[in-house]
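Student: Could we go through the side-chain contacts and helices of this structure?

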Amino acid sequence: MKAIPFWKMESVGNNFVLIHLEDNASLIEFLPTLAVKASDRHFGIGSDGLLALRATGPNRLFLRMFNPDGTEDFCGNGLRCAIAHAIGECWFNAGDFVVDHFGKRVEGAVDDQGAFSYRFEPASYDPAAIPTVASGELFDTELLEIEGKSYRGSVLSTGTAHTLLPVSELPGDEEFFRVSPLIESHPLFPERTSVMWVMEEARSKLRLRIWERGAGETWGCGSGSAAAAIDYLRRNDLKEACVQVVNPGGVLEFRFPAWNEPGFSYGPAREVFRGRFYV
C-alpha cells in the first residue's frame, strides 16, 4: 500500500483530485489508472478528474490532467485549480506566471492579493485541430441528426474538442442524458467531443448544461465556457466584449478583443479538503 497525499480542489463545481508529481515519481506511468480509482465517487475520493503537477521554476508549473475514464486532456478549470494551489503553496509570487499543460504554454498573472487570470489563446475551428472528419469548418450549421432530430451549432477546439449547441431552453434530463453521449461518441469525432448546451440568458450572458468527454455531466467546464463565449462573439460579430458564462456550479468571465484573438479568463478556485489516498 502507498499513501498518496492529495488536495481536493474545485472551480465552479468542477472538482479535481490534485497530487504533486515530485512526491509520486514512481506512479507516473500509472496516472491514468490512478485517475480512474481516485475519481470513483463510491470507492475513491470522487472527482471530475486527476491533476498531477510540479513546480519547474520560479512562477512556472507543469500540469497534467486525466479524465475519470483515464484519458488525458486539456482542462480550463483544472488549470484554474492548479494555479490556485500553486499560489497557496507559495510556488507563485505576485507577477507573471507560465503553466505548461497538454503541450500548450499558458500565461497569466497574479496580483498582490493573490487574485489571478490567465490568457486564453484563440480557438480553432480547423477540422484537423479539433479533430473532426468534416471537410471544412463546422460553424453555426446543421451538425448531425440524432434519432430523427437535427442539431445545429458549432464545433471548435479551445485546447480540447467542444460541440456547441445554442438552444432557446436548456434540455431536460431525458434529452440531455440520451443525446449528449451519442454526440460525444459520434463518428464525426474520432477522438470524441465534449457537448455544451448553450442558452443566451441576456446580452453577453450565457447559461450552460455540460457533458464532458470522458466525464459525463459536470457542474463546470472552463475550456467549454471559453468555447461558448468565443462562438457567441463570432456569431454576433462582437468586439471588445466581456461574456459571462453561467455554469451549474458558478460563473466564469471571459474578455476578448475579438473571437479570433487571445483573451483572458477569470473565475474562482479553492481547496475543499486534503488527505491521503491509499493505493
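Predicted model: local features only at pLDDT ≥ 70, side-chain atom pairs only at ≥ 80, totals over all residues.

Student: How many aromatic pairs does the structure hold, and what is the geometry of Phe-120 and Phe-254?
Tutor: The structure holds 11 aromatic pairs. Phe-120 and Phe-254 form one with 6.2 Å from centre to centre and 70° between the planes. Planes over 60 degrees apart count as edge-to-face, and the geometry of Phe-120 and Phe-254 is edge-to-face.

Student: How many residues apart in sequence are the parts that the pair of Phe-120 and Phe-254 ties together?
Tutor: Phe-120 belongs to strand 8 (residues 116-120) and Phe-254 to strand 16 (residues 250-256). The pair therefore ties together parts of the chain whose separation in sequence is 134 residues.

Student: Is Phe-120 buried or exposed, and is Phe-254 buried or exposed?
Tutor: Buried means under 20% relative accessible area. Phe-120 has 4% and is buried. Phe-254 has 0%, so Phe-254 is also counted as buried.

Student: Which residues are linked into a cluster by ring pairs?
Tutor: Phe-120 and Phe-254 are both members of the cluster.

Student: Where do Phe-177 and Trp-211 lie, and which of the words buried or partly exposed applies to Phe-177 and to Trp-211?
Tutor: Their rings form an edge-to-face pair, 6.3 Å centre to centre with 80° between the planes. Phe-177 lies in helix 3 (residues 173-184) and Trp-211 in strand 13 (residues 205-212), 34 residues apart. With a relative accessible area of 39%, Phe-177 is partly exposed. Trp-211, at 11%, is buried.

Student: Which ring has the charged end of Arg-255 over it?
Tutor: One arginine placed over a ring is Arg-234, which lies over the face of Tyr-125 at 4.5 Å from the ring centre. The charged end of Arg-255 is 5.7 Å from the centre of its ring, which belongs to Tyr-266.

Student: How many salt bridges does a search of the whole structure find, and what is the N to O distance between Asp-48 and Arg-41?
Tutor: The search finds 22 salt bridges. The side chains of Asp-48 and Arg-41 meet with an N to O distance of 3.0 Å.

Student: Why is helix 2 described as largely enclosed by the rest of the structure?
Tutor: Helix 2 (residues 76-88) has 13 residues and reaches 19 Å from its first C-alpha to its last, close to the expected 18 Å. Its buried residues include Arg-80 and His-85. Helix 2 is largely enclosed because the number of its 13 residues that are buried is 12.

Student: Which residue just after helix 4 takes a positive phi?
Tutor: The end C-alpha atoms of helix 4 (residues 222-236) are 21 Å apart, which agrees with the span that its 15 residues should have. Of these 15 residues, 13 are buried, so helix 4 is largely enclosed by the rest of the structure. The positive phi just after helix 4 is about 50°, taken by Asp-237.

Terms used
Residues numbered from 1 in each chain as written. Heavy atoms only, no water. Phe/Tyr/Trp six-rings, centres within 6.5 Å; stacked < 30°, edge-to-face > 60°. Helix = DSSP H or I, 4+ residues; strand = E, 2+ residues; numbered from the N terminus. Buried < 20%, exposed > 50% of the residue type's maximum accessible area, 1.4 Å probe, protein only. Lys NZ or Arg CZ within 6 Å of the ring centre and 35° of its normal. Expected span 1.5 Å × (residues − 1). Salt bridge = Lys/Arg side-chain N within 4 Å of Asp/Glu carboxyl O.
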